[in-house]
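Subject: Structure handover

Hello,

Here is the structure I said I would pass on. My notes on it come after the display.

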Amino acid sequence: MNRRTLFFIGFAIVALVLAGVVSYFASSSPDGLDATLERGCDAGACIADNAREHDGPLAGYTIGGDSRLTGVAGVIGTLATLALAFGLFSLLRKRSRS
Amino acid sequence: MTGSLAMHMSDGLINAPASALFGAVAVAGVAIAAAGARRDLDDRMAPMAGLVAAFVFATQMLNFPVLPGVSGHLLGGALAAILVGPWAGALCITIVLVLQSLVFADGGLTALGANVTNMALIGTAAGYLVAVALRPLARRDRLGLVAVAFVAAFCNTVLASLGFVLEFWLGGDPAFSLTAVIGTIVGVHCLIGIGEGIITALTVGAVAGVRPDLVYLLRGAERPLEVRAQ
């Protein structure tokens, strides 16, 4: 195995640890966008009132709404991103003449 | 269940014409990025781009506190552009946003065009243009590269937040003051930009330390001391 492959494997492991483990330590406060939209909610009206949520298989980075499984959802998401991106970028890649 | 990680624009924040407009902007931008990536990506960069997308997905989950009760997360455009170039970089962020919207219900479906415009197109372009403008410094040494990554990432975050301002100006609820939105969102994103800058600087610095040949921004630079072990 060459050193570039080892580097790629290491990079993937770092991403999986971030999504699978470090994600439990993430702040649960609204982010800068949501906090902006929620200004005035307490006073009666805010932009966030217009927001419509939709559903998804792993909505809210949980499995079935269980936030104890955020790490699992994160690992699934990271692997899904990797698979989708690998597929797309290998389709776009210049074929090397060999 | 309210999501507590990442968090992008939901549906309903901007009206249908503006959503359609930014949907079209996103499609056009992604098509241009795909054409550019086709010229850029070789056997070495293609797997790296896949990994960068996965890394951005993972890192976007890590909301960090910026003010009491307010968090921020990486957007990743500058990070991706510095590592794999602006074209593949914009595609990396787009892939992340599409998966987040469809699978994780993070970011609305009709708002996907606006989210792609802000984070994948504006953020990546801003980060890359700043990084290119400062490239001589980035090529000087690792400290220079890390400093350039920080500044590029900061600009990426602040400019992406201005994308939301544009969308809200064109298609937001007119009952709310645009100036109040601008002040708050830009102020908060200056703080988030510092976090984005730190994460980007650490990541780019780490990659450059091990595999400087995999840093797109450094391509073409003379690096006589680089040991090529293939």
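This is a predicted model: local features need pLDDT of at least 70, side-chain atom pairs count only at pLDDT 80 or more; totals for chains, interfaces and linings use all residues.

Contact between the chains

Chain B puts 64 residues into the contact, and chain A puts in 55 residues. On the chain B side, six elements each supply at least two residues: helix H1 (16-40), helix H2 (45-60), strand S1 (64-67), strand S2 (70-72), helix H4 (86-104) and helix H8 (178-210). H2(B) has the largest share of that side, with 11 residues. Sorted by class, the side of chain B that touches chain A has 42 nonpolar, 16 polar and 6 charged residues.

Helix H2 of chain B

H2(B) is 16 residues in length, and from its first C-alpha to its last it reaches 22 Å. That is close to the 22 Å expected at 1.5 Å a residue. Of the 16 residues of H2(B), 16 are buried, so this helix is largely enclosed by the rest of the structure.

Two packed helices are described by the angle between their axes and the distance between the axes. I have used that description for the pairs that follow.

H1(B) packs with H4(B) at an angle of about 130°, and their axes are 7 Å apart. At that angle H1(B) is oblique to H4(B). The crossing of this pair is left-handed. From H1(B), the residues that meet H4(B) are B:Gly29, B:Val30, B:Ala33, B:Ala34, B:Gly36, B:Ala37 and B:Asp40. Their counterparts in H4(B) are B:Trp87, B:Ala88, B:Ala90, B:Leu91 and B:Thr94. By class, this contact has 8 nonpolar, 3 polar and 1 charged residues.

H1(B) also packs with helix H5 (residues 112-133) of chain B, at an angle of about 45° and with the axes 7 Å apart. H1(B) is therefore oblique to H5(B). This crossing is left-handed. In H1(B), the residues that take part are B:Ser19, B:Phe22, B:Gly23, B:Val25, B:Ala26, B:Gly29 and B:Val30. They meet B:Gly113, B:Ala114, B:Val116, B:Thr117 and B:Leu121 in H5(B). The contact of H1(B) with H5(B) divides into 7 nonpolar, 5 polar and no charged residues. B:Gly29 and B:Val30 are listed in the contact with H4(B), and B:Gly29 and B:Val30 are listed again in the contact with H5(B).

Helices H7 and H8 of chain B

H7(B) and H8(B) pack at an angle of about 150°, with 6 Å between their axes. This makes H7(B) roughly antiparallel to H8(B). H7(B) passes H8(B) in a right-handed crossing. The residues of this contact comprise 24 nonpolar, 9 polar and 2 charged.

B:Asn156

B:Asn156 is placed in helix H7 (residues 142-171) of chain B. Is B:Asn156 buried or exposed? B:Asn156 has 34 C-beta neighbours inside 10 Å, so it counts as buried; the cut-off for buried is 20 or more. Leaving aside neighbours within four places in sequence, B:Asn156 is in contact with B:Leu75, B:Gly77, B:Ala78, B:Gly123, B:Ala126, B:Gly127 and B:Glu196. B:Val130 lies 26 residues from B:Asn156 along the chain, and the C-alpha atoms of the two are separated by 8.7 Å.

Regards

Key. Residues are numbered from 1 along each chain as its sequence is written. Chains are lettered from A and ligands numbered from 1 in the order in which they are written. Two residues are in contact if their C-beta atoms, placed from the backbone, lie within 7 Å. Helices (H or I, at least four residues) and strands (E, at least two) are DSSP runs, numbered from the N terminus. Ala, Val, Leu, Ile, Met, Phe, Trp, Tyr, Cys and Pro count as nonpolar, Asp, Glu, Lys and Arg as charged, and the others, Gly among them, as polar. The expected span of a helix is 1.5 Å times one less than its number of residues. A residue is buried if 20 or more other C-beta atoms lie within 10 Å of its own, exposed if 12 or fewer, and partly exposed in between; C-beta atoms are placed from the backbone. Axes are lines fitted to C-alpha atoms, for helices over the stretch in contact, and angles run from 0 to 180 degrees between N-to-C directions. Angles under 35 degrees count as roughly parallel, over 145 as roughly antiparallel, 65 to 115 as roughly perpendicular and the rest as oblique. A crossing is left-handed if the near helix is turned anticlockwise from the far one by less than a right angle, and right-handed if clockwise.
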